[in-house]
Amino acid sequence: MFESFDATMLARMQFAFTVSFHIIFPAFSIGLASYLAVLEALWLWKKDDVYLELFNFWKTIFAVTFGMGVVSGIVMSYQFGTNWSVFADKAGPIIGPLMGYEVLTAFFLEAGFLGVMLFGLNRVGPKLHFFATAMVAIGTLISATWILSANSWMQTPTGFAMNEAGQFMPVDWWAIVFNPSFPFRLVHMVLAAYLTTAFVVGACGAWHLLRKTAPRRARTMFSMAMWMAAIVAPIQIFAGDQHGLNTLEHQPAKVMGMEGHFESHPDGAPLVLFGIPNTAEKRIDYAIEVPKLGSLILKHDLDAPLAGLDTIPDELHPPVAVIFWSFRVMVGIGLAMLGIGLWSLWCRYRGTLDSDPWLHRAAVLMGPAGFVAVLAGWVTTEVGRQPYTVYGHLMTANSVAPIEAPAVSASLLAFIIVYFFVFGAGTFYILRLMARLPRDTMPELDEGPIRAAGVAHGPASAKSHGEHHEL
Amino acid sequence: MNFDLPLIWAAIIAFAVLAYVVLDGFDLGVGILFPLFPEKHDRDVMMNSVAPVWDGNETWLVLGGGGLMAVFPLAYATILPALYAPIIAMLIGLIFRGVAFEYRWRTKRAEFLWNWAFAGGSMLAAFAQGIALGALVQGIPVENRAYAGSWWDWLTPFSIVTGIAIVVGYALLGATWLVMKTRGDLADRARAIALKCCFATIGAMGVVSLWTPFLEPVYLQRWFGWPTAIFSIIVPLLVLGCLYLLIKGIRERYDAQPFVAALGLFVLGYIGIGISFYPYMVPPSLTIWEAAAPEESLAFLLAGALVLVPIILAYTGYAYWVFRGKVDPEEGYH
């Protein structure tokens, strides 16, 4: 099935496939780790067991998510060598240390304290246990920081020189780490992770409110999630706008593709709401446009001229159709999230937050939306960087390893089969965990959190708790 | 003062890989031994003995790989394409076994599936690592900053032997770990298995050690020439010492001694490989200095590593300390 693809295309497909799967898990675990830390802090502070019960409930789901994130992340860290070895050789002196710092400051911290967080409450006591939870949460944020720094450097490279072997030589590490797009990208991604988690938690809470299981716990998590949506969604839209302006400054071709501007607009660009990009003819078919709004958003001036892709050589165009659509999917979901957040505020004001079934249904429907938005966002930024790996300096075609197409297609096929099987099973288990909110007054040690629980029940207790293991 | 940064980094990477081998070695070993313990209760205890620490153990592999890209990008960019198939196989093995830690507790009907994922994934990962080691030892040709061999070069009788040697060696680490962490019948059976694995490991180490010097003239010179021959005399003697402690520890039913002695065997085997390798990063093509990243990269990451690695070791030690002692099946790690 892959005869028509060369090794570069196959390597790109493999990277896109594995990184798309991978990003799902960190997006969820960054938000969930912070949520767990907040829940445990509230428990320690207010001494209300509902927070501990929620902590134990989400801890189990976190453990499954984190496990999937670890294994899919290891694949990523080796793929630079197997499929993109020329990139690794050339950009390694800069990307490598950034990722090295991620391992040293974040991975070990998360992995080291994860065991204590999942298994250690009885062994270390609540305070040290909270410390472990906080370390895991901080670890996920530090990890995001380094990865976003490395990725941003590939988008807006600064602080380097080239040597005679064609390698990027670090000159100014400060400029490399804090490259121009890094702060925008980091904020946008972390907020996206928080929103994604909020909508998953909110969907779970709403589901149980609709089913009237465990009302207290469902109420608490739904209310917390809706606060998050109402507060963070508008912030995210602002952050996204700022990120877009930064991209316009440093990667104009990407924005032209996202906005569908094949042509330059000397006196005010429209905003293309919808349409079908026609790359061959270099125009948007069936476009629905709002005149001047594009210039207003991007330049904050109705009549500001906006350059189009016609100012850039064809071979340097990003794949317009892909990023035109992925960008719209992301923005659309962001606006829908804002809508839910405002709706929840209105219901809260009227006192119907716990009882409005339509809000709950909408929240359930929006549960997976964050993942779609995160994926769409990454597609926009990564595909928009094409045809470069290091923007403006290293072409994707010149980054690929000297590998043969059959080797890449075989491994791609293997990854596709393994990922769908393994992560499909994981998603199934997570959904089942979410569907099964424990009884409202569950004594914590009676049943125990499941991962931790599974752990070492002897034959006797395994019998008495059997029904809890078969989820 | 002038520091030889590439050499310092070679030592740090070597340490990270060694830490990975001994730490993930025993938890992979527990997976390799899974088929020998058919009862669910035994398997629960075995898995619980490593569940709180395996994440941290595996992180050393990420440091080994990620660190290699940071400080020896050329080695990273030539070794990984050369070992394409075994690396992909290792990754797939690690995926299956890593998720098994979570999934196995979530289902009764499919538990057998995740038992196999854990055992099979552990074996595949270990075997692939052994093959990769063998392929690296027998040499990787490099031309114009790229791998210059063909796609099946890694598959030789020698690499298959090193693959088997690693599986057997990890099984030994796993068995002695279980001796240390479990009680009763399970520990007794682990003891019997450890004894068998111990002879198999020594046999495999012997074959690999005697074979290695004849792969490359450099290795032969290193092992039988003066003054490095001192090491080639001392290392086998130390191996015999470890073997003695290992067997004595198993026979006299000590808890920790067999595990520590097995770790000793691994460290010695590793030093042996290091003696063959030096000064190469990618034998026989790239030396440590040829493969190194620019000084600026080495210095930037070293500054952090010098502070962070001791901290990592401290809290990793703390995590092990929290879960010290025998796994108590009745208590569980709630």
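B:Asp188 is partly exposed, with a relative accessible area of 33%; the class runs from 20% to 50%, with buried under 20% and exposed over 50% (1.4 Å probe, protein chains only). This residue forms a salt bridge with B:Arg253, the closest N and O atoms being 2.8 Å apart; the term requires a side-chain nitrogen of Lys or Arg within 4 Å of a carboxyl oxygen of Asp or Glu. B:Asp188 sits in helix H8 and B:Arg253 in the loop between helices H10 and H11 of chain B, 65 residues apart; helices here are DSSP runs (H or I, at least four residues), and strands are E runs of at least two.

The model is predicted: local features need pLDDT of at least 70 and side-chain atom pairs 80 or more, while totals for chains, interfaces and linings use all residues. Residues are numbered from 1 along each chain as written, chains are lettered from A and ligands numbered from 1 in written order, and side-chain values use heavy atoms, without hydrogens or water.

A second pair in chain B is B:Arg104 with B:Asp44, at 2.9 Å, N to O. Both residues are buried.

I turn now to the interface. The contact (heavy atoms within 4.5 Å) takes 87 residues from chain A and 70 from chain B. The two chains bury about 7,400 Å², 70% of it on carbon and sulfur atoms; this is accessible area (1.4 Å probe) lost on being put together, summed over both parts. Which side chains form the salt bridge between A:Asp89 and chain B? The partner of A:Asp89 is B:Arg145, at 2.9 Å, N to O, and the count between these chains is one salt bridge.
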